[in-house]
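Q: Please take a close look at how the parts of this model are held together. Keep it brisk, and take the cross-links, the strand pairing and the charged pairs in turn.

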Amino acid sequence: MMRSIRLRLFLILLAATGAVWLLAVLWTYVSTQREVERVLDARLTEAARMVSSLITDHHIDVAAAADVAQAAAAPEGFDVHAGDYIRQLSCQIWSLKGDLVGRSESAPTTSLADHESGFAEKLVNGERWRVYAVVNPELGVRVLVGDSIEIREKLVGDVIKGQLVPALAILPILAGLIWLSVGRGLSPLRQVADALSLRSADELHPVDDSGAPREIRPLLGSLSALFQRVEAAREREKTFIAYAAHELKTPLSGLKTQAQVALRSDSHEVRANALKQISLSVDRTGRLVRQLIDLAAVDSLDKSSASETVAVYAMVEELRGEMAVLVSSREITVESEFAEDLAVSVADKTLLRLALRNVIENALQYAPRNSSVRIMGKQTAAGTTISVCDTGAGIDEKDEQRLKARFQRGNSANTLGSGLGLAIVEMALTKLGGRLSFGRQAGFCVCLELPVSKA
Amino acid sequence: MRILVIEDDAVLLDGLKVGLGLAGFSADTVSTLSDAQAAIESDTFDAIVLDRMLPDGSGLDLLRRMRAASNRTPVLLLTAKDAVIDRVDGLDAGADDYLGKPFDLDEVAARLRAITRRAEGRATPQLTWEGITLDPASMEVLKGGDVISLSRREFAVLLALMENPTMVHSKQILEARLYGWQEEIESNTIEVHVHKLRHKLGATSIETVRGVGYRMGRQ
């Protein structure tokens, strides 16, 4: 693959032009050859007949007649321009018995041809001849008129040379013109490149393709689309950062205020309380940070077409292990109620894991102390549903939609949640082609509905 | 000074209540808009610290409702949103001041003193009456150039009286200024504090209006 379009186009155009030229030369060669043959053959015929008729009428003696043929048949043009062509015609008159009766000055003494009549080519004394023979039965002679094939070829060669020489002289000029034209033809590309290179990293507006040639519009269109995607991704990032910064400010305020209280108060009780509050807030802020990272992870994971099979039991066990401290601190019993071989096929294991962890964590957080949380799995033709149920207050049906939005907390003023959990779950499930729903049959259930994998 | 703090973050709310208490304020706390509405309707506060985002709505809505109902209590808006547009929105909704999170406890206290001072139409932060000077920021009381040492509650009673020295303050109002609703009030507390203040500042420094309450006295 050549690196420069200009060089590539230049060479292609040059090769194509050269090929056309060569074809033209070939064609001219062939047609000139044919034409020269036709004209010169006609001349031979004419000269032979003339000689034959002259000697028949006894206007001229046989020996002189051969010279007449040469003089009469030489076309004027050849005479004037090239002396080489003058002595091209040779004439011999043979008796039918095989004696040379007469010949022109330029003719060899050996027979130019053996055939009876018509055209023939023969090698005489190392020279190739084209000879026309006509038999004069009245006088009993045979008239042979021939010319050198070499001269014929020289004639054709001269015509071709006349074409090739100017062509070769023009070739460098043509090459230069092609080079400049290609450069000029490619200037819209350079303009686009210049315009793009002048852009700052923030300038992600679409490329203006109104003035662009049709050929590069698809490229510009793709570029604009890419810019759009990059901009959307950056916008998401910006929103996320602003969002994260914003959400961290309140817990930070709490930490700072409590720290200041602890520093200022002389009372042991007040200080102890402040420190307890700080510890509580650090836990909560830690969870918030982790959820923010989860959210960013879910946000950035793209739908992939691949599918992974996940053993639900193992995943739940792993998550339970991670949350063991929370489970024991809140004295909650966790029960897994599904077949150990329950498996789901999902596009991305991480997404399912994030969704499941947040749902289980939510349940552990909001379930009443010393209660139980049940994790159930159900496989149907439509897909797999994993439900996490607790005996907590749950959420009002009217709050459901609102809760899926980022940073909305339940109204029950349990302020331990960041309000991010369900947003993460919903986003992850959507990316997996599934759905988040709520159930209220056995306590409050959050259900992860996963579709049957197409794979 | 009695302050209502409306904030949904439990840790911050607790910190503000205790911290403002240490700075000489008496803070009542609520964490939802509906509780705040109820508190504002049933009680009078010297100032309100209002968080902008609350679980049941925007603090700005409460602020607009308050102003629409001609409630002129000074409001300090606390918020994590501190872009210019957010500050403008907050001030235009009727806030007297604006503080972005995370803030410094001293700054909250100073701003509360400033907005209450402006609400009372005073230019200088110090309150003076008949040779007694009270500085709410440093919680310092001077009489004739001498620093008088007061307990926090004595200071709070004196502050309430000196904010409106000629007005008679009922015992109930002083009690309300002194405590949050949650705290139990011993029946004779105000009398005890007034007694101690008279002892430190002079017998005529506080005048008893029999059957009505107390006001600052003429020397």
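A: What follows goes through these contacts one group at a time.

This is a predicted model. Start with the cysteines. A search of the whole structure finds 1 disulfide over all chains. It joins A:C389 to A:C445, with the two sulfurs 2.0 Å apart. The angle about the S-S bond is 110°, and the link of A:C389 and A:C445 is right-handed.

A:C447 takes part in no disulfide. The nearest cysteine sulfur is that of A:C445, 5.6 Å away. A disulfide here requires two sulfurs within 2.5 Å. A:C447 is buried too, with a relative accessible area of 11%.

Now the sheet in chain A. It is open, and 5 strands form it in the order 2-1-5-4-3. The pairing is antiparallel. Strand 2 (100-103) and strand 3 (118-124) of chain A are the edges, each pairing on one side only. On average, neighbouring strands of this sheet are turned by 25° against each other, direction ignored.

Look inside that sheet at strand 1 (residues 89-95) and strand 5 (residues 141-148) of chain A. They run antiparallel and are joined by 7 bridges. A:C91 stands opposite A:V145 in strand 5 of chain A. A:C91 has 1% relative accessibility and counts as buried. In a regular strand, side chains alternate between the two faces of the sheet.

Strand 8 (residues 127-129) of chain B pairs with strand 9 (residues 132-135) of chain B in the antiparallel sense, over 3 bridges. B:W129 stands opposite B:I132 in strand 9 of chain B. This hairpin has 2 residues between the strands, and B:E130 takes a positive phi near 50°. Strand 9 of chain B also pairs with strand 10 (residues 140-143) of chain B, again in the antiparallel sense, over 4 bridges. Here B:L134 stands opposite B:V141 in strand 10 of chain B. The hairpin of strands 9 and 10 of chain B has 4 residues between the strands, with B:M139 at a positive phi near 55°.

Next, the charged pairs. Side chains of opposite charge can pair when their charged atoms come close. The count comes to 34 salt bridges over all chains.

Take a local pair in chain A. A:R320 forms a salt bridge with A:E317, and the closest N and O atoms are 3.5 Å apart. A:R320 and A:E317 are 3 residues apart in helix 8 (residues 312-322) of chain A, about one helical turn. A:R320 is partly exposed at 27% relative accessibility. A:E317 is partly exposed at 32%.

Now a pair in chain B. B:R2 and B:D28 meet in a salt bridge of 2.7 Å, N to O. This pair links distant parts of the chain: B:R2 is in strand 1 (residues 2-6) of chain B and B:D28 in strand 2 (residues 26-30) of chain B, 26 residues apart. B:R2 has 2% relative accessibility and counts as buried. B:D28 is buried as well, at 0%.

Another chain B pair joins a helix to a strand. B:R111 forms a salt bridge with B:D97, with the closest N and O atoms 2.9 Å apart. B:R111 lies in helix 5 (residues 105-120) of chain B and B:D97 in strand 7 (residues 97-100) of chain B, so the contact ties together parts 14 residues apart in sequence. B:R111 is partly exposed at 25% relative accessible area. B:D97 is buried at 14%.

Salt bridges also link A:D41, A:R43, A:E121, A:R130, A:D147 and A:R152 into a network.

Last, the surface. A:W21, A:L164, A:L168, A:I170, A:L171, A:I173 and A:L177 form a nonpolar patch with about 620 Å² of accessible area together. Helix 4 (residues 149-185) of chain A gives the largest share, 6 residues. A:W21 is found in helix 1 (residues 5-56) of chain A. At 30% relative accessibility, A:W21 counts as partly exposed.

Terms used. Residues are numbered from 1 along each chain as its sequence is written. Chains are lettered from A and ligands numbered from 1 in the order in which they are written. This is a predicted model: local features need pLDDT of at least 70, side-chain atom pairs count only at pLDDT 80 or more; totals for chains, interfaces and linings use all residues. Side-chain values use heavy atoms; hydrogens and water are left out. Buried means under 20% relative accessible area, exposed over 50%, partly exposed in between (1.4 Å probe, protein chains only). Patches are made of residues with over 30% relative accessible area and no salt bridge: like charges are joined within 9 Å, nonpolar side chains (Val, Leu, Ile, Met, Phe, Trp, Tyr) within 5 Å. Accessible areas come from the Shrake-Rupley method with a 1.4 Å probe; for residues, only the protein chains shown count as cover. A salt bridge is a side-chain nitrogen of Lys or Arg within 4 Å of a carboxyl oxygen of Asp or Glu. Two strands pair if DSSP finds at least two bridges between them. Axes are lines fitted to C-alpha atoms, for helices over the stretch in contact, and angles run from 0 to 180 degrees between N-to-C directions.
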